[in-house]
Amino acid sequence: MPQVVRLLKRAPSAKTLMWQRAWTWLRAYLPITHWASDYSSSALRQDATAGLTVGTMLIPQGMAYAIIAGMPPIYGLYAGFVPLLTYPLFGSSRQLAIGPVAIDMLIVGAGVGALAQSGTERYVALAILLTVLVGLIQIAMGLMKLGFVASLLSRPVISGLTTAASLIIACSQLGNLLGVELGRSQYVHVLLWEAIQHVGATHPLTVGLSVGCIGLLWGLSRWLPRVPGPLVVVVGSTAAGWFLGLEQRGVSVIGDIPTGLPSPEVWAVSFGDLNALLPAAVTVALVQFMKDVSLGRIFAKRHGYDIDPNQELIGVGAGNVLGSLFQSIPASGSFSRSAVNDRSGASTPLANAFAAGVIALTLLFLTPLFYYLPTPALAAIIFVSGLSLIDLREIRALFRARRRDGYIALFTAACTLFIGIQEGILLGIGASLIAVLFRMSRPNVAELGHVPGTRRFRDRSRFDQAARLRDIMVLRVDAAFSFANAEYLQTFILRKSEHEGRPVQAVVMDGSSINGLDTTATDALFSVAERLGETGVELHLTGLIGPVRETVRRSGLHALLGEERFHLTPHEAVASILDRLDAEKDTDRLEEYLAKTGPDEKKPTPAAT
């Protein structure tokens, strides 16, 4: 009895169990609970240093990237405020720097630009509505554990999209760089043709300022990479705009920028707008996720921790949803700012909060200073940032690794440039899927040969010492056997056995690499077994894993061939075949074969699996 009383006293109460469940839920969906308990003063200093550094970068980049989306510059600063405060609560990457990103803004501009005129109130409202749609899609994907969907954006597709987007981003600023009014377009050839047509109307002072800013940005990145070039250009050109009176000389300036933190506003929603924005929202959500997970994995591997792709969806999505309530445009991880964040010593996602503090101070006190900021200066920042995204080494690496992937990247880039951004992504995904299906339908089938002195069988095209057996053909299928490749494999095996140029008594199919078998594939194996049987050739199967063996048994193929046609290894299959041939023809080929397998290997018992 005393033991029972003690156990009852130790049993947790219902309230305790409720708190335990709540804490478990919080730890599952709030990664901040994993690192906050161990947060130290040194980590605080590191995050503060990194956040202040990234925040100063974000000021000019945020305003510049908002222009890419067709939005007033202030909305780029809004995107650097609430999303950065939200991500540390939900995000799992400790070095990812959140904020507006050029590629995202390009997709936003293309999606919203098809529905409204840039600069209008409706355009702004649609861009913010797009932001909440992006966030809701990301949160839903994260809660449903659909992070794997982003794998549709393969490396070649991302590479092609990035290359094309960089050219579009750079060319979209030609009007601001030349001081002429050009229409908005997502097509490079249209932008270039319009720029050529307006060459005679260019503003010399604007062109000179643009060239100077581009040269300064390029020179600082080359010789003084630690100096924040965009911030230097913004400060210097703003000072020049004020002292030299550039506005009066015909140079376009940013003008009045609202002061103060963004006020909360409920979205203006209509089902027609939601339907129209959905394709762009899905595109932005997937591109952001693919980019953020790729970046997060790089930093996680470097610093020895793990990230959860589904949690990243929730983290970035929550930032977009809450940010949209405060007039933010889509925000996600930035390549350049994340790299600076890591180099500056960021140890937790809290560095984003310090960067948000810099943006908050800017919104409260510094926006009047940007009145004289020349538009060509921001255009130069965008132009250089766009061109910096071009990575020809990545394209060359794709061609070296697998030529087909290189062509998919070029195809995606061409479609993005000449058809459209969303269309280019979809066509790139389609090309990747077609390539995967083609590889599935044409799997590698290797003819194996016996390696003298061992019981091993290896690919004859890769191992010179692998010897072909006189009248036994050993094949290995390096893929799942399914409807996608059943007809090809059936035709290959039959033609290989019929046109071998030597008498074939048996075909041994090594199935150790077959990890799946569907009904179409079993029908193909039935046809192969029957066709081979009609010509007096036996079909033997080896190394089938458990699920595949069960499918073979249930389909009736096991009963058709018989237990003696199934073996653990190609060696056992060959020994069984030679044993039968010796009994029929009174030969000793089995002994000859075993003599080549080495002195330590004994004659196996031809047992079925």
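In the predicted model, Asp582 is a buried residue, as its relative accessible area is 12%, against a cut-off of under 20% for burial. Asp582 belongs to helix H26, which covers residues 570-585. When residues up to four places away in sequence are left aside, the contacts of Asp582 are with Thr587, Asp588, Arg589 and Leu590. Tyr407 lies 175 residues from Asp582 along the chain, and the distance between the C-alpha atoms of Asp582 and Tyr407 is 54 Å.

The secondary structure of the protein consists of 27 helices and 8 strands. The radius of gyration of the protein is 32 Å, whereas a compact globule of 609 residues would have a value near 25 Å. The C-alpha trace extends over about 105 × 90 × 50 Å along the principal axes. Of the contacts between residues at least 6 apart in sequence, 79% link residues that are at least 24 apart.

The largest pocket holds about 1600 Å³ of space. Its lining is made up of 47 residues, and those closest to the pocket centre are Phe335, Ser336, Ala339, Ser388 and Leu389. By class, 26 residues of this lining are nonpolar, 14 are polar and 7 are charged.

The second largest pocket has a volume of about 1100 Å³. A total of 45 residues line the second largest pocket, with Ile67, Gly70, Ser118, Asn176 and Arg184 nearest its centre. The lining of the second largest pocket comprises 23 nonpolar, 19 polar and 3 charged residues. Several helices contribute at least two residues each to the lining of this pocket: H4 (41-68), H5 (74-78), H7 (102-113), H9 (155-171), H10 (174-178) and H18 (375-388). Helix H7 provides the largest share of the lining of the second largest pocket, namely 4 residues.

Methods: Residues are numbered from 1 along each chain as its sequence is written. This is a predicted model: local features need pLDDT of at least 70, side-chain atom pairs count only at pLDDT 80 or more; totals for chains, interfaces and linings use all residues. Side-chain values use heavy atoms; hydrogens and water are left out. On a 1 Å grid over the protein atoms alone, a cavity is a set of points where a 1.4 Å probe fits but cannot get out, and a pocket is an open set with protein on both sides within 12 Å along at least five of seven lines; lining residues have an atom within 4 Å of a point. Grid points are joined across faces, edges and corners, and a volume is the space filled by probe spheres set on the points. Ala, Val, Leu, Ile, Met, Phe, Trp, Tyr, Cys and Pro count as nonpolar, Asp, Glu, Lys and Arg as charged, and the others, Gly among them, as polar. The radius of gyration is taken over C-alpha atoms; the globule rule is 2.2 Å times the number of residues to the power 0.38. Contact means heavy atoms within 4.5 Å. Buried means under 20% relative accessible area, exposed over 50%, partly exposed in between (1.4 Å probe, protein chains only).
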